[in-house]
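Subject: Structure handover

Hello,

Here is the structure we talked about. My notes follow below it.

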Protein chains: 2
Amino acid sequence: MTTAIAALTKNQALVFETLARAKTPMSAYTILDQLRDNGFRAPLQVYRALDKLLDAGLIHRLESMNAFVACSHEQCHTAGLIAFAICENCGQVSEFADAAVSRHLTDWARDHKFNVAKTTIEIRGACNTCANA
Amino acid sequence: MTTAIAALTKNQALVFETLARAKTPMSAYTILDQLRDNGFRAPLQVYRALDKLLDAGLIHRLESMNAFVACSHEQCHTAGLIAFAICENCGQVSEFADAAVSRHLTDWARDHKFNVAKTTIEIRGACNTCANA
DNA sequence: AAGAATTGCGTAATGCTATAACATTTGCCA
DNA sequence: TGGCAAATGTTATAGCATTACGCAATTCTT
Ligand SMILES: [Zn+2]
Ligand SMILES: [Zn+2]
Ligand SMILES: [Zn+2]
Ligand SMILES: [Zn+2]
C-alpha cells in the first residue's frame, strides 16, 4: 500500500509541490513559469498534471478565478461537499465543509430529480485581516 | 420612474435580448457572432454590455463555464443568494434561491469574520430529462 | 446656452486560459 | 521480449478577456 502522493509521476509531483508551497491560488501559466527551470516548456505539461491531481483529490480548481490550490485537508474529498472563501485582496483561500449546506443542496437535487456530478461553492470577499486594514 | 430594461442602451438591449431568447447559456464570443448583422465587430462591445447587465442584475455569469444567462426571475437579485443547476448534457440551467443554504453560508461568514462580496453556487450534472435518456 | 464631466462606442492589439493533434518515451506485465 | 497503457514532449490552435486610444453622445452645472 502506497500513499497517493508517492504514486505521483515527476511532473505531477513538481506541480503539486509548487501548489503546496504557494500561499495563494496559482494559474496554470504561473505554475508553468515557476517550473521552467525544471524542464517545463508547454502549458500541456501543467494541465496534464493538474488533471491527475484533481482526479486524486490532492488539489482543487477555483472556477471563479481560473486557478488551482492544494487541498488543505488530508483526503478532504471524502468529506462531501467542499466550499471556498476567497479573499479578493490578499488571495488567501479558506477551504471548508459545511454539512448543512451540503444537505440542503442534496435535498434540492433530489426534489428536482437532478443528477449531481460536481458542485462548486465559492465565496468572494475580504478576509478578516484585510477587512480591518 | 423607468424600468431597468427601458434604461438600456442599444448595445445593452441587443445583448440582453440575445441572452433572453437563448435556451442555454452563451459565451461572449457566441453572442458576438449572433450580433454581427447588428453591427457588432469586436468582443469588447459584448463585454461592456455584459458588465452593465450584470450590474443591473438582469443577467448572471456562470463561472464554471465562462458563459452568461438571462436572469429567469423578475428582480431576482433582491432574493438573496442565487444558485444554478447546469445540465452538462443539454445545457439547460435552473436558477433557484435556497434560503437555508443562504443562511448557512451567511452564518459561516459571520463566524469567520469574512466579508462577503459575492457567492457562486453551481451544480453540474444531468437534468431529469437527460438522466432518463 | 456653454462648458465640464460622465458614460458609451468603435477599433486594434494584446494577453490569458485551455485543448487538439501527433510523435515519442517509459514502465509494466503476460 | 513483445505488447500495452500511461506519461511525456512539442507545435499549433482554439477560446476567453482586457488594455489602450480616440471619439461621440449624454447628462450635469453654471
Ligand atoms: Zn480539499
Ligand atoms: Zn485578505
Ligand atoms: Zn437571476
Ligand atoms: Zn439535460
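Between chain A and chain B there are ten residue pairs in polar contact, both residues at pLDDT 80 or more. A polar contact is a pair of N or O atoms within 3.5 Å; within protein, one must be able to donate a hydrogen and the other to accept it, and residues adjacent in sequence count only if both atoms are side-chain atoms. Salt bridges across this interface number zero (side-chain nitrogen of Lys or Arg within 4 Å of a carboxyl oxygen of Asp or Glu).

The model is predicted: local features need pLDDT of at least 70, side-chain atom pairs count only at pLDDT 80 or more, and totals for chains, interfaces and linings use all residues. Residues are numbered from 1 along each chain as its sequence is written, chains are lettered from A and ligands numbered from 1 in the order written, and side-chain values use heavy atoms, with hydrogens and water left out.

The contact (heavy atoms within 4.5 Å) takes 33 residues from chain A and 33 residues from chain B. About 2,700 Å² is buried between them, 68% of it from carbon and sulfur atoms. Buried area is the accessible area (1.4 Å probe) lost on putting the two parts together, summed over both. In chain A, Trp108(A), Phe114(A) and Ile123(A) lose the most area to chain B, together 22% of what that side buries.

Now the zinc ion (ligand 4). Cys87(B), Cys90(B), Cys127(B) and Cys130(B) coordinate it through SG, at 2.2 to 2.3 Å. Donors are N, O and S atoms within 2.8 Å of the metal (3.2 Å for Na, K and Ca); water is not among the atoms, so sites may look incomplete. Their spacing along the chain is C-x2-C-x36-C-x2-C. Both Cys87(B) and Cys127(B) are buried (under 20% relative accessible area, 1.4 Å probe, protein chains only).

Best wishes

Conventions. Buried < 20%, exposed > 50% of the residue type's maximum accessible area, 1.4 Å probe, protein only.
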